[in-house]
Amino acid sequence: MTISQAVNSKVTSLTSLEERLQIQRLVEATKVVTSTAGRDVVKGLTHNPKYLPPYYLYDDRGSDLFEQICDLPEYYVTRTETAILQQYADEIAQITGACELVELGSGSSTKTRILLDAYQKLGGLQCYLPIDISAGMLENSARKLLQEYPSLQVYALAGTYEMALAQLPPKQSPSRMIGFIGSSLGNMTTQECDAFFSQITNALQVGEYFLLGVDLQKPKEILEPAYNDRQGVTAAFNINMLEHLNRRFEGNFDTTQFEHWAFYNETAHQIEIHLRSMRSQTVQLKSLNLTVNFAPGETILTEISRKFNLNTIKQQLQSRGLVPVQTWTDTNQWFGLLLCQFQSA
């Protein structure tokens, strides 16, 4: 079955790119709210303490702000992982051989180019499947990739990881690698991480690969500035979540009355990011029929970023049948990149 045969009515073919780009919108940020949309918002804002799912950070503007974060001097994560990829991408390609690349949280696909160039040396990568919550970011980055790689086909899926992994189209190559580079695994709790690994193994066949990036444990003097940059980009990224909720669910959050708060929990080995109410206030989300009261100083947990022990995460992966084949780190041991092969469920 070809990609075009796998496409249903939700897929838009962009003929101006000679049908090499197809986007399947699994979720629309502007769609009419259904009976299930927003239930996670209601659950989180009525919980004590309050929280919100972190994927609400990533509307189109949030995705653009995150790309800016990646270039900040305090944010070591992207440049450290990029250096690892630049050094070892050829080795990754040699180990996996020519395969189809699925990338979770692809964003602008900047680091993806390093892998694409490595696979070009093996004869090229036929099909790239980026997955991101922001359809706008997906389309913009895919168009640029198609101009740079004339033989590439892109099948983009706009939605959550869970949605996209459950709806991957049939492979165009004999093998497939799912890439989860960056440090987004740290945004998941232990339980969510375990469920995510199950989704990965369900999407792979025995012998196929999983490339995972993890941010490693380090002193808070390094970690906290990375989430409290001097330019305030991370704060704007966090506050934008409320703007996203206002647009999507007819909310009236006054974003000037919330502030960004991020710190490193040394006991749990995780950065915790909050939005803190600066006064007593009441917020309504009309589409969800929800009224929320905030006390002065009360917070909403918007994201965690867990920091991993390399040996522990390797053991967790192996216990799920994702056997580490090779592991690479930088000289400071700040970031780890693990290439795993799925051997059994």
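## Basis of the model

In this predicted model, local features need pLDDT of at least 70 and side-chain atom pairs count only at pLDDT 80 or more, while totals for chains, interfaces and linings use all residues. Residues are numbered from 1 along each chain as its sequence is written, and side-chain values use heavy atoms, with hydrogens and water left out.

## Helices α3 and α10

Helix α3 covers residues 60–69 and helix α10 covers residues 233–249; helices are DSSP runs of H or I with at least four residues, strands are runs of E with at least two, and both are numbered from the N terminus. The two helices pack at an angle of about 160°, and their axes are 9 Å apart. Axes here are lines fitted to C-alpha atoms, for helices over the stretch in contact, and angles between N-to-C directions run from 0 to 180 degrees. α3 and α10 are therefore roughly antiparallel (an angle over 145 degrees).

α3 passes α10 in a left-handed crossing, meaning that the near helix is turned anticlockwise from the far one by less than a right angle. On the α3 side, the contact (heavy atoms within 4.5 Å) is made by R61, G62, L65, F66, Q68 and I69. V233, T234, A236, F237 and N240 make it on the α10 side. By class, the contact has six nonpolar, four polar and one charged residues. Ala, Val, Leu, Ile, Met, Phe, Trp, Tyr, Cys and Pro count as nonpolar, Asp, Glu, Lys and Arg as charged, and the others, Gly among them, as polar.

## A network of salt bridges

The structure holds 15 salt bridges (a side-chain nitrogen of Lys or Arg within 4 Å of a carboxyl oxygen of Asp or Glu). R25, E139 and R143 are linked in a network of them. R25 meets E139 at 3.6 Å, N to O. R25 is in strand β2 (residues 21–25) and E139 in helix α6 (residues 135–148), 114 residues apart.

E139 also pairs with R143, their closest N and O atoms being 3.2 Å apart. Both residues lie in α6, four residues apart, about one turn of the helix. R25 is partly exposed at 22% relative accessibility, and R143 is partly exposed at 27%. Buried means under 20% relative accessible area, exposed over 50%, and partly exposed in between (1.4 Å probe, protein chains only).

## The bridge between E74 and R230

E74 forms a salt bridge with R230, with the closest N and O atoms 3.2 Å apart. E74 is in the loop between α3 and α4 (76–96), and R230 is in the loop between α9 (220–226) and α10, 156 residues apart. E74 is buried at 15% relative accessible area, whereas R230 is exposed at 75%.

Notes. Parallel < 35°, antiparallel > 145°, perpendicular 65-115°, else oblique.
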